[in-house]
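This briefing goes with the sequence and model shown below. It covers the fold, the confidence, and a few residues picked out by topic.

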Amino acid sequence: MKKNLTLLAVIFISIPVFAKELVSGYIIMANNDTVDCKIEVPGSLNLFNKVTINDSLGKEKTFKATDKEIKEFGFVYKKQGYTYVLKQ
């Protein structure tokens with residue numbers, strides 16, 4: 001019983017560590033269209049290979065740098081602005 005309670009406590013404490021936050025941002029598509037969206041910010045801010053967004057309809061989409069579908073994306077997180085420009 002004590003092991004089960006300890007395991008449950010570890011699971012519930014670990015959940016916020018892996019939580020992702022949605023923040024207002026934008027993406028610039030390869031055809032230069034700018035799209036306002038919500039950007040999923042992982043806890044580590046490791047966004048160099050891919051970015052996941054939620055559009056105005058709540059639909060989730062992931063863009064990978066290797067696909068070259070977008071040129072740039074940006075957002076503000078904890079009062080700090082971030083802009084990522086993908087190499088073409």
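Along the sequence, the protein chain runs in the pattern α-β-β-β-β-β-β, which comes to one helix and six strands. Helices (H or I, at least four residues) and strands (E, at least two) are DSSP runs numbered from the N terminus. This is a predicted model, in which local features need pLDDT of at least 70, side-chain atom pairs count only at pLDDT 80 or more, and totals for chains, interfaces and linings use all residues. Residues are numbered from 1 along each chain as its sequence is written, and side-chain values use heavy atoms, with hydrogens and water left out.

**Confidence and overall numbers**

- The protein chain has an average pLDDT of 77, and 72% of the residues score at least 70; pLDDT is the predictor's confidence in each residue, from 0 to 100.
- Residues 2–17 have a pLDDT below 50, and beyond near neighbours in sequence this stretch makes zero contacts in the model, a contact being heavy atoms within 4.5 Å.
- Of the 88 residues in the protein chain, 27% are buried. Buried means under 20% relative accessible area, exposed means over 50%, and partly exposed lies in between (1.4 Å probe, protein chains only).
- Among contacts in the protein chain between residues at least 6 apart in sequence, 34% join residues at least 24 apart.

**Aromatic pairs**

- The structure holds three aromatic pairs. Rings of Phe, Tyr and Trp (its six-membered ring) pair if their centres lie within 6.5 Å; planes under 30 degrees apart count as stacked, over 60 as edge-to-face and the rest as tilted.
- Phe73 and Tyr84 are stacked, because their ring centres are 4.9 Å apart and their planes are at 15 degrees.
- Phe73 belongs to strand S5 and Tyr84 to strand S6 (residues 80–85), so this pair ties together parts that are eleven residues apart in sequence.
- Phe73 and Tyr84 are both buried.
- Phe75 and Tyr84 also count as stacked, because their ring centres are 6.3 Å apart with the planes at 15 degrees.
- Phe75 is buried at a relative accessible area of 4%, and Tyr84 is buried at 14%.
- Ring pairs join Phe73, Phe75, Tyr82 and Tyr84 into a cluster.

**Charged residues**

- One salt bridge is found in a search of the whole structure; the term requires a side-chain nitrogen of Lys or Arg within 4 Å of a carboxyl oxygen of Asp or Glu.
- Side chains of opposite charge can pair when their charged atoms come close.
- The salt bridge joins the side chains of Lys61 and Glu69 (3.9 Å, N to O).
- Lys61 is partly exposed at 38% relative accessibility, and Glu69 is partly exposed at 31%.
- Glu72, in strand S5 (residues 70–77), is buried yet has no salt bridge, and the nearest side chain of opposite charge, Lys71, is 8.7 Å away. For charge, Lys and Arg count as positive and Asp and Glu as negative, while His and the chain ends are not counted.
- What does the side chain of Glu72 make a polar contact with? The partner is the side chain of Tyr26, at 2.7 Å. A polar contact is a pair of N or O atoms within 3.5 Å; within protein, one must be able to donate a hydrogen and the other to accept it, and residues adjacent in sequence count only if both atoms are side-chain atoms.
- Leaving aside neighbours within four places in sequence, Glu72 is in contact with residues including Tyr26, Ile28, Thr83 and Val85.

**Val51**

- Val51 sits in strand S3 (residues 50–54) and is buried at 2% relative accessibility.
- Not counting residues up to four places away in sequence, Val51 touches Ile39, Lys61, Thr62, Phe63, Ile70 and Phe73.
- The C-alpha atoms of Val51 and Ile27 are separated by 9.6 Å, with the two residues 24 apart along the chain.

**Loops**

- Most residues other than glycine have a negative phi, and most peptide bonds are trans.
- Asn32, in the loop between strand S1 (21–29) and strand S2 (34–41), has a positive phi of about 75 degrees although it is not a glycine.
- Lys79, in the loop between S5 and S6, has a positive phi near 65 degrees and is exposed at 84% relative accessibility.
- Asp55 lies in the loop between S3 and strand S4 (60–64) and is partly exposed, with a relative accessible area of 26%.
- The side chain of Asp55 reaches the backbone nitrogen of Lys59 at 2.9 Å.
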